[in-house]
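Subject: Structure for you to look at

Dear colleague,

I am handing over the structure we spoke about. Please look through it before reading the notes that follow.

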Amino acid sequence: MAKLFLGLDSSTQSVSAVVIDCDRRKVVYEKSLNFDKALPQYGTQNGVLPHPDPLVKHSSPLMWAEALDRLFAEMKKDGVVLGEILAISGSGQQHGSIYLNDRAAGALAKLNPQKTLVENLHGIFSRPTSPIWMDSSTAAECAEIRKKLGGIKATAQLTGSDTFERFTGPQIRKFYKTEPDAYDQTASIALVSSFMASLLAGKIAPIDHGDGAGMNLMDIRKKVWHPNALNATAPDLKKKLPPLAESWKIVGAVSPYFVKKFGLNPEAQTLVWSGDNPCSVIGLGLIREGMVAISLGTSDTYFGSMKKCQTDEHGEGHVFGSPTGDYMTLICFKNGSLAREKIRDAYGIRDWKKFGAALTATPPGNNGGILLPWFEAEIVPRVNQPGIHRFDLDEKDAAANCRAIVEAQMMTMRLHSQWMKVAPGCIYATGGASQDSPILQVMADVMNCPVLRIEVSKSAALGAALRAAHGWLVQTGEKPKWEQVVAGFTDPVSNSEIRPNPKAARVYDQLIKKYAACERKALPPPAKT
Ligand code: XUL
């Protein structure tokens, strides 16, 4: 019998499945269902329900449940041997919250396979819709909680992040303030991850330390609900939250609903789910301290792994639990691909190959020329007013401006990840622009470490499947090493390694100081908290 594990991913726009065969070290099945297309009756656009207030972004927990039903039906139809799956875990879009009343636990315990999941879940919600991570309507609540916790630095130290509009604590506070009766009717609050795990296991599932850290409610070091954060958020909150758990905790055997309806093995185990970013950390193989992934996409994202919890005193970066039991960081730089594109187009450079040639034709350090490419308001560092700033850089010099934007993007990552106190040992580059070697050479030189390309499709769902394999091995009494669990699934593209040039690296050790001074000059003085 093959050793099959299933990883699911309930993301913003779709639900996906990845099945891995651990003996063959192979992904044997992948499938995605797009919510807008597969379930148009919910009326979502890109997975979000329409709302007159552009700051409000909600989705439908019933749609997520129906999508899960549909996905299992598809897997059965496609001939996946569901009976051979040993364990299932999952990944959920982070921060989104689901509000259940006191009928939920009973309904989950006796899901009837003659009915659909949606029919089974009728009447269990104390709030029909779920705020998701794209919601930014809780600025007031963020300020209130942050103030009670003692400011940005203290909030980040306690919970791993400053308060953010999308984080669950501020969302819960808004619900309590605006709909106190419905809040009162709420017996249990779930994250997308724990809600989906609850459906699979047929009981209220714990929240893992990875996703729990995205709530502004968990003590990031002790990994328990933080009493001050709970008090700052809403009354009686502790009673409404499920327990926290390690990411490899088994919730229980899969609910008989899935056994009878789709032929799952009654002994298949359901693990806690985690957030999509913690799952991606596993799906990208970032299992040791100092392993970093940089995704060069619409925004550039820096995923780091660290053993000892450090937090960002400026409150710009996030610390979550890593599913390995260590910590991970997520630092998001908004001016990524679009900013690169803006510079490329401004100088009439037709394609990325020519852009790369401009990088190669210019010297590392750009003769001291620096560009701050804040085409849009920036997340890290916090910049509310977009603006392009040039220092010792000739605006008319196309090649120097191409080099300047890439150097700036790499230097800002180096500068604003220093609070982790872990220098990267190797970087996995992913996302569209990771195809361009000249960009990766600048990355290697600025970061002074090797860069390798990685191309993992569905990293969050794969990470969830690998977590399922790990958790299953733990419960059989083995002490699986993460290196062994991910081996063969998360290898970088062969021959893709780009090594730093020592001379260039020395140039950037100096230039980064000038870059930091330029940022200080361009930024408004930090707000007092
Ligand atoms: C992370 C975040 C997003 C969502 C996307 O803090 O808000 O990455 O997890 O699904």
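Accessible areas here come from the Shrake-Rupley method with a 1.4 Å probe. On that basis the protein chain has an accessible surface of about 20900 Å², and carbon and sulfur atoms account for 51% of it. Please keep in mind that this is a predicted model.

Overall shape and fold

The C-alpha trace of the protein chain spans about 70 × 55 × 40 Å along its principal axes. The chain holds 21 helices and 21 strands. Of the 529 residues, 61% are buried. Taking contacts between residues at least 6 apart in sequence, 74% join residues at least 24 apart.

Helix H16

Which residues of helix H16 (residues 352–361) are buried? They are Phe355, Gly356, Ala358 and Leu359. These four lie on the same side of H16, because the arc they cover around the axis is only 155 degrees. In general, an α-helix has 3.6 residues a turn, so residues three or four places apart point the same way. Lys353, Thr360 and Ala361, on the other side of H16, are exposed. The cover over the buried residues of H16 includes three helices: H15 (337–346), H17 (398–415) and H18 (437–447).

Regards

Note on methods:
Residues are numbered from 1 along each chain as its sequence is written. This is a predicted model: local features need pLDDT of at least 70, side-chain atom pairs count only at pLDDT 80 or more; totals for chains, interfaces and linings use all residues. Side-chain values use heavy atoms; hydrogens and water are left out. Helices (H or I, at least four residues) and strands (E, at least two) are DSSP runs, numbered from the N terminus. Buried means under 20% relative accessible area, exposed over 50%, partly exposed in between (1.4 Å probe, protein chains only). Contact means heavy atoms within 4.5 Å. The arc is that of the directions from the helix axis to the C-beta atoms.
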